[in-house]
Amino acid sequence: MTDLFSRELERRGIALPPRAVDTLQLNITRRCNQACRHCHVDASPARTEMLSAEGVAACLDVLERHPQIGTLDLTGGAPELHPQFTQLVEGARALDRRVIVRHNLTVQFDGDPATKQPMDHLPAFFAQQGVEVVSSLPYYQEYFTDAQRGSGVFSKSIEALHRLNAVGYGVPGTGRVLSLVYNPVGPYLPAPQASLEADYRKALEQQFDVQFTNLFTITNMPIHRFRLHLEKSGQYAAYMDKLLAAFNPAAAGNVMCRDLISVDHLGRLYDCDFNQQLGLHLQRDDGTPETIFDFDPARLLRRSIRLGDHCLGCSAGGGSSCGGATV
Amino acid sequence: MSSYYESEDLKKFGDIGRHAGPLAEEFFKYYGMVTGADGALTRREKALIALAISHSEKCPYCIDAYTTACLETGANPEQMMEAVHVAATMKAGITLAHAIQMNNHLDKLVL
């Protein structure tokens, strides 16, 4: 049966061929110091998946061989918990690539769930390497943030943001980019990104003396942990209706999978991190999985992007991507 | 006993045009123009007003719809609760203001 998203594309005559491979997004570990209620990765302290040393080397090799891939985007779990995180960042920066780290803030204090060793060196390391930091802060108030990410997360996040500000992140004129990520704390769509960014800026500056560069609004994906919550609370069908009713052709045309390749801890390739978590890996004509060990951008540009009902999350309202709204 | 208000029924709002299509069409056009876009008031401000009225008019459908609308336009729970307090104080004030009528009548009755 055709999925809801593909049906909507067909009805409106929209095609989504890949445009480029300009971002390599690596999900290097599903281990995380947190276990957020909306997490599409189902990440938690109990997860053990890690990209191998060979996988790390292969990713750096791909970056070296393919200069058109301008951005390395590191995610997880908490990517800092990967034993070769430092090597990966340094390697990519030595190749003069833009490096984005999806940093959950609290890992600075919690560190590795196994060792409890804090990682308070991270702000200085990020600054020294010149990486861009993208951090989830679901709201500018404690209530929603802790409801989603766990008790005490808001106050810890504010302290972590102070540390990032102290080394220049989010401070105008420093060139150190600190993006915050908002996502709804339930089955509703994000408010318009620009107006919410203004609210965040006012509240965080006035109440907490925190600065940041920009805000990304991201729609919750109806998969894994969030889908389970929707189903348990009897809200899944209503949420899918909402996403479908808010289908925006302009947002559909700008979906991030047209320009990005996602890599999992086994080196397999996907259209995006959501498809990765759903196991929708890319396949070659002979049915074998596409991997980072046999990376061919020309072949990847000829692929058909794998679509599903969940893609409606990226096309609703102002659109949603790892870089926030898309229209 | 069945309930008069079922969450699922909110989806049937469009059915109010069943026996008066053109009137419903005009209403929804007007409704969309007023609530669906920023004007002299932002969509957020309008959603907060609508949330307050939803409470004073005691409409469960509207409370659900405008709680969501407030969140989707960026209102926070403090703002939403304060809007409900505005509705509550208006109700209380209106009730108390009618004591003037009571006192007027009392003055008339008392020798």
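I started with A:Q141: leaving aside neighbours within four places in sequence, A:Q141 is in contact with A:F154, B:N76, B:P77 and B:E78. Contact here means heavy atoms within 4.5 Å. I noted that this is a predicted model, where local features need pLDDT of at least 70, side-chain atom pairs count only at pLDDT 80 or more, and totals for chains, interfaces and linings use all residues. Residues are numbered from 1 along each chain as its sequence is written, chains are lettered from A and ligands numbered from 1 in the order in which they are written, and side-chain values use heavy atoms, with hydrogens and water left out.

**Still on A:Q141.** I found A:Q141 in the loop between β4 (132-136) and α6 of chain A. Helices (H or I, at least four residues) and strands (E, at least two) are DSSP runs, numbered from the N terminus. A:Q141 counts as buried because its relative accessible area is 15%. The cut-offs are under 20% relative accessible area for buried, over 50% for exposed, and partly exposed in between (1.4 Å probe, protein chains only).

**The A–B interface.** Next I looked up where the two chains meet. The contact takes 16 residues from chain A and 12 residues from chain B. Together the chains bury about 940 Å², with 48% of it on carbon and sulfur atoms. Buried area is the accessible area (1.4 Å probe) that two parts lose on being put together, summed over both.

How many salt bridges are there between chain A and chain B? I got 2 salt bridges, and one pairs the side chains of B:E72 and A:K242 at 3.0 Å, N to O. A salt bridge needs a side-chain nitrogen of Lys or Arg within 4 Å of a carboxyl oxygen of Asp or Glu.

I also found 6 residue pairs in polar contact across the interface, both residues at pLDDT 80 or more. That term means a pair of N or O atoms within 3.5 Å; within protein, one must be able to donate a hydrogen and the other to accept it, and residues adjacent in sequence count only if both atoms are side-chain atoms. On the side of chain A that touches chain B, the elements giving two or more residues are α6 (142-149), α8 (193-208) and α10 (236-245). α8(A) gives the most, with 3 residues.

**Helix α5 of chain A.** Why is α5 (residues 122-129) of chain A largely enclosed by the rest of the structure? I found that 6 of its 8 residues are buried, so that settles it. The buried ones are A:L122, A:P123, A:F125, A:F126, A:A127 and A:Q129. They pack against α3 (85-94), β3, α4, β4 and α7 (153-166) of chain A.

**A:H103.** This one lies in the loop between β3 (98-102) and α4 (107-110) of chain A. A:H103 counts as buried because its relative accessibility is 1%. Not counting residues up to four places away in sequence, A:H103 touches several residues, including A:L122 and A:F126.

**A:L16.** I found A:L16 in the loop between α1 (4-12) and β1 (23-29) of chain A. Its relative accessible area is 12%, so A:L16 is buried. A:L16 and A:I305 are 289 residues apart along the chain, yet their C-alpha atoms are separated by 7.4 Å.

**B:M33.** Last, I checked helix α1 (residues 21-35) of chain B, where B:M33 sits. Is B:M33 buried or exposed? At 60% relative accessibility, B:M33 counts as exposed.
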